[in-house]
2 protein chains.
Amino acid sequence: MSKAKAGKRATLASLGDQLGLSRQTISNVLNNPSIVSEETRNRVLEAIEASGYRPSAAARALRTKRSMTIALRLYPAGDGIEGALMDRFTHAVTEAAQAHGYRIALFCADDMRSEADALVELHEEAQIDAAIISDTYPGDPRPAALWEAGLPFSAFGRQWERPEAPHSWVDVDGRVGVRAAVEHLVAAGYRRIGYLGPRVGGASEDRRAGCLEALAECVPSVGGDQELTERDTPKAGAAAASALQERGVTAVVCGSDAMAMGALSVFGHRDGHAPIVGFDDTPVARAMGLSSVAQPVEEAARLAVELALAAANGEPSRQLLIEPELVVRRLEAFAR
Amino acid sequence: MSKAKAGKRATLASLGDQLGLSRQTISNVLNNPSIVSEETRNRVLEAIEASGYRPSAAARALRTKRSMTIALRLYPAGDGIEGALMDRFTHAVTEAAQAHGYRIALFCADDMRSEADALVELHEEAQIDAAIISDTYPGDPRPAALWEAGLPFSAFGRQWERPEAPHSWVDVDGRVGVRAAVEHLVAAGYRRIGYLGPRVGGASEDRRAGCLEALAECVPSVGGDQELTERDTPKAGAAAASALQERGVTAVVCGSDAMAMGALSVFGHRDGHAPIVGFDDTPVARAMGLSSVAQPVEEAARLAVELALAAANGEPSRQLLIEPELVVRRLEAFAR
């Protein structure tokens with residue numbers, strides 16, 4: 001119904017008909033202009049301009065062997081609090097790719113192996129020039145699978161184990177973030193500080209270890225305490241925060257904003273100042289006025305795109321660690 | 001660096017070399033099998049299976065004149081509270097398209113006109129078969145521009161004005177949602193109920209008018225009150241909620257969860273039961289335990305994909321209005 005004008009688009013064949021030239025001659029003007037006479041070339045180019053003809057993306061892809069496309073998996077939205085980080089990453093990757101003349105092909109996958117399989121298939125079909133993977137973890141099957149398949153890619157998230165696949169990655173140094181959180185709480189007068197986070201490896205483990213290390217340095221006479229939970233939710237955070245409170249802890253650094261929301265409900269606040277710092281600076285933290293460690297997601301996305309395109313050009317791999325920043329806030333809605 | 005195996009992919013030419021056949025014969029087996037002898041056909045097909053050859057997406061797109069791609073603009077993340085709705089839509093569109101064998105091409109645009117221009121260009125370059133636009137509003141330039149360009153598309157969001165472009169759309173009936181919110185507050189014993197929302201047209205205006213209509217019917221002796229704000233933020237919501245409270249209003253239906261967070265800080269709660277209903281059931285509402293009207297975003301996305309593909313197939317346009325659902329909650333973190 002809405003294709004009324006679809007048939008009017010100029011093609012090589014329709015241009016040829018119009019000018020009394022073969023389709024091949026028109027094609028030569030576009031692809032091998034030196035073998036066509038100047039007179040013919042000018043006739044064709046004028047007709048092309050007048051017609052609004054544009055070479056189709058498919059024809060260009062066949063000619064250049066470039067799809068000008070980067071693949072990115074869209075993760076399930078999840079419970080929503082922490083999902084916001086990946087959504088920001090997706091936005092920023094799309095904008096950065098577009099600035100390089102590339103488009104993002106989005107796809108869904110059930111798990112990490114399906115993601116790797118889908119990427120390899122997209123590459124074999126020449127639908128993509130490169131891929132970006134994210135949220136790497138110890139035992140992640142994707143880097144080795146993509147490297148083995150010869151697919152140019154970059155990762156948002158470091159290589160957590162022995163680097164069998166020396167690919168390019170960019171990651172955020174979580175230790176710098178939790179150290180800033182510890183220093184903030186110490187400066188506010190707290191000494192008995194605990195860490196609260198989900199019991200998973202990779203980035204979370206890095207935050208936990210970094211926090212206890214910073215506590216051992218900043219309040220050596222007291223040291224740190226910790227509670228790890230199976231789930232990364234406000235409810236799990238509240239239960240674990242109660243346990244910390246019963247052991248005398250008065251302030252908490254959290255591995256996520258979801259946990260921090262739960263800790264907030266246990267520890268409360270004084271005049272809007274809460275003894276809680278979250279991680280990831282999600283919309284929930286911004287809406288509530290919760291202090292949180294902000295990852296420079298937009299910078300990570302820009303670098304991930306540059307690394308993926310460098311890989312597609314056969315350039316050497318690079319590994320980049322960038323720094324997060326603590327955002328200190330006062331609880332908006334309750335500071336009255 | 002990571003392209004070690006890229007050169008090994010079988011092509012029509014390498015298969016031909018291997019079998020002592022021309023590239024054209026191999027191509028005929030794939031595209032015009034009836035003109036090739038059965039013996040040759042079987043030899044080629046066996047070699048293809050053994051080699052793992054797959055036709056390139058670009059070659060297939062040229063042959064079928066289908067890119068198997070739907071374009072979708074990725075909106076800026078915004079302040080994050082309400083942005084979650086569009087992120088859910090993007091996820092669901094990607095999954096629904098994939099179920100139909102289609103991929104999503106993401107792009108960014110600065111405004112609605114640039115979005116329409118980018119879509120028309122993608123279509124002219126034959127990069128996409130169809131498009132999905134969202135968040136339509138009165139005076140939206142996109143439907144007419146896409147219709148005029150002959151681009152098959154569907155919209156998430158109705159045609160708010162006179163239907164010059166009778167395209168397909170799916171929308172959520174906001175009036176049903178605010179009516180359920182009013183009935184919930186009335187059943188909880190509240191009579192002096194107000195509406196609080198951002199002063200913008202389209203869906204917000206529909207919610208406002210629907211709420212006052214429902215209040216006139218459900219509490220005819222009292223009627224409704226309202227406050228509209230310039231910005232859709234918790235802060236603006238808190239100020240407007242105070243104004244309603246000073247006029248004797250005791251419960252509030254909000255046009256967004258951002259506004260509802262502000263209203264919550266003014267009206268408080270009794271034992272976790274707040275006299276506030278938000279709209280859009282965002283992660284913030286779920287995290288806080290705020291009652292909110294949930295749009296069936298996944299259903300809308302599935303229908304938008306079906307409508308866009310139907311348009312690409314030249315089928316007649318359809319317009320679908322689906323119903324939201326009130327989710328009643330108790331404030332998690334404060335019900336102690």
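Q: What is the strand order in the open sheet of six strands in chain A?
A: This is a predicted model. The order in chain A is β7-β6-β8-β9-β10-β12, and the pairing is mixed.

Q: Which are the edge strands?
A: In chain A they are β7, residues 225-229, and β12, residues 325-327. Each of them pairs on one side only.

Q: And what does the twist average from one strand to the next?
A: The average is 25°.

Q: Do β6 and β8 of chain A pair in the parallel or antiparallel sense?
A: Parallel, over four bridges. Strand β6 covers residues 193-198 and β8 covers residues 251-254 of chain A. Within that region, Tyr195(A) is opposite Val253(A) of β8(A).

Q: Which strands does helix α10 of chain A lie across?
A: Helix α10, residues 234-246 of chain A, lies across β6, β7 and β8 of that chain. Its direction is at about 155° to β7(A).

Q: Switching to salt bridges. How many over all chains?
A: The count is 34.

Q: Which residue does Arg247(A) meet in a salt bridge?
A: Glu227(A), with an N to O distance of 2.8 Å. Arg247(A) is in the loop between α10 and β8 of chain A and Glu227(A) is in strand β7 of chain A, so the pair ties together parts 20 residues apart in sequence.

Q: Now chain B. What is the N to O distance between Arg88(B) and Glu298(B)?
A: Their side chains form a salt bridge at 3.0 Å. The pair links distant parts of the chain, 210 residues apart: Arg88(B) is in helix α5 (residues 83-99) and Glu298(B) in helix α13 (residues 297-312), both of chain B.

Q: Are those two buried or exposed?
A: Arg88(B) is buried, with a relative accessible area of 16%. Glu298(B) is partly exposed, at 39%.

Q: What about Glu115(B), which residue does it form a salt bridge with?
A: Arg142(B), with the closest N and O atoms 3.0 Å apart. Glu115(B) belongs to helix α6 (residues 112-124) and Arg142(B) to helix α7 (residues 142-148) of chain B, so the pair ties together parts 27 residues apart in sequence.

Q: Buried or exposed, for Glu115(B) and Arg142(B)?
A: Glu115(B) is buried, with a relative accessible area of 1%. Arg142(B) counts as buried too, at 0%.

Q: Last one: which residues do salt bridges that share partners join into one network?
A: They are Arg158(A), Asp171(A), Arg175(A), Asp206(A) and Glu213(A).

Note on methods:
Residues numbered from 1 in each chain as written. Chains lettered and ligands numbered in written order. Predicted model: local features only at pLDDT ≥ 70, side-chain atom pairs only at ≥ 80, totals over all residues. Heavy atoms only, no water. Pairing = 2+ DSSP bridges. Helix = DSSP H or I, 4+ residues; strand = E, 2+ residues; numbered from the N terminus. Axes fitted to C-alpha atoms, helices over the stretch in contact; angles between N-to-C directions. Contact = heavy atoms within 4.5 Å. Salt bridge = Lys/Arg side-chain N within 4 Å of Asp/Glu carboxyl O. Buried < 20%, exposed > 50% of the residue type's maximum accessible area, 1.4 Å probe, protein only.
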